[in-house]
Amino acid sequence: MSLRWDAPLTRHLAAELDRRLSGARLVAVRLDGDRRDLVLFFREHTLLWRLHPTRGWPLLRPPGEPAATDLRLATRVRAVVAPDDERLIRIELLPQRARQRATDLVVELLGNQWNAVVCDAADGRIRHVLVTRDGARSMRVGATWSPPPASGRAGRAGDLDPDWWTRTVLVAPPDQRRRTLVSQVAWTSPLNAPALLDSGTDDALALHRRLADPDADAEPVLLRTERGLQPYPFPLPGTPSEPVPSLLDGFERVAAEAGQAAAPEPATLLPPGLVRHLDDTLDAARRRATSLEAERETLPDPGTLRSVGDLILARFADVPRGRDSVTLPGFDGQPVDVRLDPVRSPQENADAYYEEAARAERATRRLPGLVAEARGEVARLEALDARVRAGTVDAEELEAALPARGSAGGSVDEGPSLPYRTYRSSGGLEIRVGRGARQNDDLTFHHSAPDDVWLHVQQAAGAHVILRWGRKEAPPSRDLAEAAVLAALGSKARTSGSVPVVWTFRKYVRKPRKSPPGSVVPDRVQTLFVEPDPAIAERLAE
């Protein structure tokens with residue numbers, strides 16, 4: 001379940017974090033864009049903030065050890081603040097060394113675009129960002145961070161007039177009152193709107209004054225809403241709730257309900273690049289095992305191939321040159337259709353059948369062992385993955401148990417915040433392959449240009465693929481085919497002999513409202529058929 005954030009919850013969590021973290025020494029920061037995790041390594045605590053759209057909870061953990069790749073920040077927390085009637089929290093950081101610049105860490109909790117940035121306190125220059133985004137407010141390293149435009153809603157100081165409330169909110173049609181309230185009255189949200197609208201004017205204004213009062217004492221509760229448990233700083237009339245010691249305790253309860261709480265999440269606290277390398281290695285091992293099993297199931301019969309070679313030699317005079325097939329009487333008198341290579345002589349065609357028979361015999365002897373070895377490797381990596389999730393593997397042991405990063409078959413390491421793997425086509429074009437359903441959306445709509453080429457396997461689950469192009473005309477056929485092969489290999493059709501892949505320009509791909517992660521609707525598509533050859537992926541990765 002994802003959490004809802006509104007201005008009162010944001011303000012009171014900021015106040016609680018200020019009490020817990022003020023003066024705390026910050027050692028390092030991790031911005032893990034793959035998992036949408038912000039991890040702050042303090043000497044006294046570790047703050048793990050799950051900013052994925054399906055989660056959203058901050059969790060305070062015992063102190064942990066940052067990885068070598070984490071951003072080192074030798075600072076102290078000056079204050080944790082939340083602007084009035086906004087859904088963002090600013091952690092103000094003071095350097096521990098002279099002549100260093102003060103830094104702000106800003107957590108944005110707007111809609112479903114939760115994000116975090118590290119920026120200079122003086123000029124807002126972004127140094128690091130959890131998820132890169134373009135638009136009116138650019139979220140890129142080097143850009144200037146600016147707060148979202150102020151809502152301009154009335155009553156930020158809790159000073160609403162009863163007459164204004166009546167003529168603005170209560171005169172609206174009943175089915176539009178909630179929208180009118182949330183759009184025009186500060187500190188309101190879908191969380192507290194029912195309590196405000198179901199109360200009389202005096203009680204509603206009293207509740208609003210409490211929501212707006214910066215000095216109001218919090219009474220943390222867990223609201224029981226139709227979406228599940230929801231931490232909130234006050235009980236709300238008409239909504240069942242139960243008290244909790246603090247908002248952070250409430251977030252722990254919510255995470256526990258989702259099965260992700262009380263025990264620290266060791267996979268999150270390991271270096272994200274290393275955990276991602278385990279995920280990639282396990283995926284590759286599963287693909288190899290599946291491919292080998294499919295190859296074993298489709299092996300031709302060596303005896304049949306050799307008998308065709310014998311038949312060509314026995315009917316030598318009946319085999320014409322320059323033909324791609326011929327029908328010959330078999331040794332049992334029945335006709336046999338024989339495929340031929342038109343550029344080869346009858347003897348060479350017979351030799352080709354004998355060579356194919358020999359290869360099939362070798363594969364018949366070799367493949368069972370390879371399949372068993374591949375399945376054993378999958379079992380080893382799955383057991384390792386389970387130990388990582390259970391927290392019984394440290395970074396050194398995990399590194400030693402995996403192949404070296406960047407070895408053949410792996411893609412270029414793009415850092416922890418990219419939702420895709422990168423390949424390079426024969427023509428030098430960059431190809432981006434999504435890492436999963438949620439990363440597919442991020443790749444398609446935040447890491448591509450309108451005139452890039454978008455590809456996906458037809459009627460099968462799989463990765464979104466972006467061929468970086470940026471022109472109006474179609475890309476070169478070879479580069480397009482190679483991108484299609486990567487789409488086929490990244491799909492559930494990877495073991496098929498021929499896979500249909502649709503492609504279009506990215507500007508013709510749209511995301512329907514409330515559609516599941518990775519689900520899009522492409523327009524003006526064209527289709528090409530490719531063979532999912534792993535050797536091509538290895539070559540393009542190198």
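**Reading the features one by one**

Author: Gladly. Helix H10 (residues 346–390) supplies four residues, the largest share of the positive patch. Please keep in mind that this is a predicted model.

Reader: Which residues gather in that patch of positive charge on the surface?

Author: The patch brings together Arg288, Arg359, Arg362, Arg365 and Arg366. Take Arg365 as an example: this residue lies in helix H10. Its relative accessibility is 61%, so Arg365 counts as exposed, since the cut-off for exposed is over 50%.

Reader: Thank you. How should I read a salt bridge?

Author: Start with the general idea: side chains of opposite charge can pair when their charged atoms come close. In this structure the count comes to 32 salt bridges. One of them joins Arg78 and Glu92, with the closest N and O atoms 2.5 Å apart.

Reader: Where do Arg78 and Glu92 lie?

Author: Arg78 belongs to strand S5 (residues 71–81) and Glu92 to strand S6 (residues 88–95), so the pair ties together parts that are 14 residues apart in sequence. Arg78 has a relative accessible area of 49% and is partly exposed. Glu92, at 18% relative accessibility, counts as buried, because buried means under 20%.

Reader: What about a salt bridge between distant parts of the chain?

Author: Look at Asp280 and Arg421, whose salt bridge has its closest N and O atoms 2.3 Å apart. Asp280 sits in helix H8 (residues 272–297) and Arg421 in strand S15, so to find both partners you look at places 141 residues apart, and the pair links distant parts of the chain.

Reader: Are Asp280 and Arg421 buried or partly exposed?

Author: Asp280 is partly exposed, its relative accessible area being 22%. Arg421 counts as buried, at 15% relative accessibility.

Reader: Which residue does Glu397 meet in a salt bridge?

Author: The side chain of Glu397 meets that of Arg387, at 3.0 Å from N to O. This pair, too, links distant parts of the chain: Glu397 is in helix H11 (residues 395–401) and Arg387 in helix H10, ten residues apart. Glu397 is partly exposed with a relative accessible area of 34%, and Arg387 counts as partly exposed at 33%.

Reader: Which residues are linked in a network of salt bridges?

Author: Arg101, Asp120, Asp123 and Arg127 are linked in such a network. Arg127 has its place in strand S9 (residues 126–129), and at 27% relative accessibility this residue counts as partly exposed.

Reader: Let us go back to strand S15. How do I read a strand and its partner?

Author: The general idea is that in a regular strand the side chains alternate between the two faces of the sheet. Here, strand S15 (residues 420–424) has four of its five residues buried, so this strand is largely enclosed by the rest of the structure. S15 and strand S16 (residues 430–434) run antiparallel and are joined by five bridges.

Reader: Which residue in S16 is the bridge partner of Tyr423?

Author: That partner is Ile431. The two strands, S15 and S16, form a hairpin with five residues between them, and Gly428 in the turn has a positive phi of about 90°.

Reader: How should I think about a positive phi?

Author: Most residues other than glycine have a negative phi. In this structure, Asp85 has a positive phi near 55° and is not a glycine. You will find Asp85 in the loop between S5 and S6, and at 6% relative accessibility Asp85 counts as buried.

Reader: Where is Gln459?

Author: Gln459 is placed in the loop between strand S17 (453–457) and strand S18 (465–467). Although Gln459 is not a glycine, its phi is positive, about 55°. With a relative accessibility of 82%, Gln459 counts as exposed.

Conventions: Residues are numbered from 1 along each chain as its sequence is written. This is a predicted model: local features need pLDDT of at least 70, side-chain atom pairs count only at pLDDT 80 or more; totals for chains, interfaces and linings use all residues. Side-chain values use heavy atoms; hydrogens and water are left out. Patches are made of residues with over 30% relative accessible area and no salt bridge: like charges are joined within 9 Å, nonpolar side chains (Val, Leu, Ile, Met, Phe, Trp, Tyr) within 5 Å. Accessible areas come from the Shrake-Rupley method with a 1.4 Å probe; for residues, only the protein chains shown count as cover. A salt bridge is a side-chain nitrogen of Lys or Arg within 4 Å of a carboxyl oxygen of Asp or Glu. Lys and Arg count as positive and Asp and Glu as negative; His and the chain ends are not counted. The place of a charge is taken as NZ of Lys, CZ of Arg, CG of Asp or CD of Glu. Buried means under 20% relative accessible area, exposed over 50%, partly exposed in between (1.4 Å probe, protein chains only). Two strands pair if DSSP finds at least two bridges between them.
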